[in-house]
Amino acid sequence: MDLVLGIDGGGTSCRAALAAPDGRVLARASSGAANIRTDLTNARTHIVEAARRAFVEAGQDPELLVRTPAVLGLAGANVGTYRQQLQAILPFRESRVESDAEIALEGAVGSGDGAIAVLGTGSAYRVRRGGVSRPVGGWGFQVGDQASGARVGRDLLEQTLLAYDGICEASALTREIMAVFRDNPEDLVEFTVGAKPGDYGGFAPKVFEYAAEGDVVARSIVSKAVADVEGALGALDLHEGDVLCLLGGLAGLYAPLLAARYQPLLREPRGDALLGAVRMAARRFGTSVEAVNG
């Protein structure tokens, strides 16, 4: 039986779906983080691990992996030569590496026009008009990913230290974070030495939780993050009647906070990024994408 693989890799996890040539999903599986810019070697390990697990879950011989083509949407694939480096060391019969935003767009709106905002560990935006897609943002944690979980979490740690030093106002949230680090700022700083974006992102939900309760520090961080999201949406040049899907772990938290002009554009995504990768794999390597469903 001919098979195709769709793979979605980000800063927190990697998911794989094994599908028939028409895009019908046979099994799904997951493994660890797969941001190829952050850690190419481990990303490759987790990609292969997730794919093998999908074969096993489908009752297929994982040795068929080397005879199976794959479309991979991966964090970090939009910059540098990481995409080419990874393609050279993947074991699949043929590999097409795309950005994680590209497969997310495909999953959310299909092959037609529309826009997405990916708001998870990282952040990225993409719009498609007339069959041509255009990215905004997605430049990585160090110089981009505004409003992402990683940046929100990092901002929280920064504000916690500023409050500890008496430079900025303390709050219930900053006091709780200090308690996490045994009220020792050196422990907090030491955490950052080996922290990856996903580690910072783990603090983000608590920021939104405290902001909803009126915490002054949390509200300041969330207010800045919402402004960053709306700035990126402005660059997409959206118009009345356009479709906008918010994706990622923070999507539901940001949706009600966006300005009134964006609310009528919001739609539930047709599918997730993994389904987008499967659709692209079926279209490129299989027989049909029309049979794919959520």
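## Helix α3

The buried residues of helix α3 are Ala101, Glu102, Ile103, Ala104, Leu105, Glu106, Gly107, Ala108 and Val109. Here, buried means under 20% relative accessible area, exposed means over 50%, and partly exposed lies in between, as found with a 1.4 Å probe on protein chains only. Because nine of its 10 residues are buried, α3 is largely enclosed by the rest of the structure. Gly110 follows α3 and has a positive phi, near 75 degrees. Helices (H or I, at least four residues) and strands (E, at least two) are DSSP runs, numbered from the N terminus.

## Basis of the model

This is a predicted model, in which local features need pLDDT of at least 70 and side-chain atom pairs count only at pLDDT 80 or more, while totals for chains, interfaces and linings use all residues. Residues are numbered from 1 along each chain as its sequence is written, and side-chain values use heavy atoms, with hydrogens and water left out.

## Helix α4

How far apart are the end C-alpha atoms of α4? They are 23 Å apart, which agrees with the 22 Å that its 16 residues should span at 1.5 Å a residue. The expected span of a helix is 1.5 Å times one less than its number of residues.

The buried residues of α4 are Gly149, Ala150, Arg151, Val152, Gly153, Asp155, Leu156, Leu157, Thr160 and Ala163. In general, an α-helix has 3.6 residues a turn, so residues three or four places apart point the same way. The cover over the buried residues of α4 includes α5 (172–180), α6 (185–194), α7 (197–201), α8 (204–212), α9 and α10 (251–254); contact here means heavy atoms within 4.5 Å. Just after α4, Gly166 takes a positive phi of about 80 degrees.

## The largest cavity

Rolling a probe the size of a water molecule over the atoms shows where empty space is left. On a 1 Å grid over the protein atoms alone, a cavity is a set of points where a 1.4 Å probe fits but cannot get out, and a pocket is an open set with protein on both sides within 12 Å along at least five of seven lines; lining residues have an atom within 4 Å of a point. Grid points are joined across faces, edges and corners, and a volume is the space filled by probe spheres set on the points.

By this rule there is one cavity of 30 Å³ or more. About 60 Å³ of space lies in the largest cavity. Its lining consists of Gln146, Ala147, Arg151, Val152, Asp155, Ile221, Lys224, Ala225 and Asp228. The elements that give two or more residues to this lining are α4 and α9, and α9 provides the largest share, four residues. By class, the lining of the largest cavity has four nonpolar, one polar and four charged residues. In this scheme Ala, Val, Leu, Ile, Met, Phe, Trp, Tyr, Cys and Pro count as nonpolar, Asp, Glu, Lys and Arg as charged, and the others, Gly among them, as polar.

## The largest pocket

The largest pocket holds about 970 Å³ of space. Of the 45 residues that line the largest pocket, Gly10, Ala75, Asp100, Val118 and Gly122 are the closest to its centre. Two or more lining residues come from each of β1 (4–9), β5 (95–99), α3 (100–109), β7 (123–129) and β8. The lining of the largest pocket divides into 14 nonpolar, 21 polar and 10 charged residues.

Ala29 is found in strand β3 (residues 25–31) and is buried, at 14% relative accessibility. Leaving aside neighbours within four places in sequence, Ala29 is in contact with Cys14, Arg15, Ala16, Ala50, Arg53 and Ala54.

His46 belongs to helix α1 (residues 40–57). At 19% relative accessibility, His46 counts as buried. Not counting residues up to four places away in sequence, His46 touches Cys14, Ser31, Gly32 and Ala33.

## Loop residues and cysteines

Asp145 lies in the loop between β8 (132–136) and α4 (149–164). Its phi is near 60 degrees, a positive value in a residue other than glycine. Asp145 is buried, with a relative accessible area of 10%. Asp237, in the loop between α9 (216–235) and β9 (244–247), has a positive phi of about 55 degrees although it is not a glycine. Asp237 is partly exposed, at 42% relative accessibility.

How many disulfides does the structure hold? The count is zero, where a disulfide is a pair of cysteine sulfur atoms within 2.5 Å. Cys168 is partly exposed, at 30% relative accessibility, whereas Cys245 is buried, at 1%.
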